[in-house]
Amino acid sequence: MNYEKILLYRNKHNAFANYIGLRVTEIKEGYARSEMPITVKHYNPIGSVHGGCLFTIADVTCGAAASSYGYNVTTVDSHIHYLRAGLNTTHLYGEAKEIKHGKKILVYEITVKDQNQVLLANAIFTFMSLGTKIQLEEDDSSPVISDSCSSS
């Protein structure tokens, strides 16, 4: 499996993740890591990282781990636990590990931490394999289009 091509594909073709500045940084079988710089645009009204950012990094990172087998997947269920407010957060880091890899159902556990390795959230995500191979482009090294939302 060419994990580098899957990583490039996932980063290039996830418009919402690109919009908020989220990048998958590592993929290997049943595993993925990601990171996301945080700006004031990512805050909620109390000045902490919006829960939607925590959920998105969890979903995207688990989805990347689930796609590590080369097949398209979709989220079918999730259970997230917000453990601490993301106050004074400058970066988020997600790390997803496989719990179960079945023919159709895949389950992943994720931790989301800040730049000081403080655990902000953990979650379990369930995916369904769509049974279709990811169509990797011959040369998927073109740059990722970013949006002004992800800049500081």
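Which ring does the charged end of Lys28 sit over? The ring of Tyr31, 4.9 Å from its centre.

**View 1. Lys28 sits over Tyr31.** A charge counts as over a ring if NZ of Lys or CZ of Arg is within 6 Å of the ring centre and within 35 degrees of the ring normal. The model is predicted: local features need pLDDT of at least 70, side-chain atom pairs pLDDT 80 or more, while totals for chains, interfaces and linings use all residues. Residues are numbered from 1 along each chain as its sequence is written, and side-chain values use heavy atoms, without hydrogens or water.

View 2. Strands are DSSP runs of E, at least two residues, numbered from the N terminus; two strands pair if DSSP finds at least two bridges between them. Strand 3 and strand 6 (residues 119-133) run antiparallel, joined by 10 bridges. Tyr71 has Lys133 as its bridge partner in strand 6.

**View 3. Phe55, Tyr108, Phe125 and Phe127 form one aromatic cluster.** Rings of Phe, Tyr and Trp (its six-membered ring) pair if their centres lie within 6.5 Å; planes under 30 degrees apart are stacked, over 60 edge-to-face, the rest tilted. Tyr108 and Phe127 are edge-to-face, 6.2 Å centre to centre, with 70° between the planes. This pair links strand 5 to strand 6, 19 residues apart. Phe125 and Phe127 are stacked: 6.2 Å, 20°. Phe125 is buried because its relative accessible area is 0%, where buried means under 20% (1.4 Å probe, protein chains only). Phe127 is buried too, at 2%.

Methods:
Helix = DSSP H or I, 4+ residues; strand = E, 2+ residues; numbered from the N terminus. Buried < 20%, exposed > 50% of the residue type's maximum accessible area, 1.4 Å probe, protein only.
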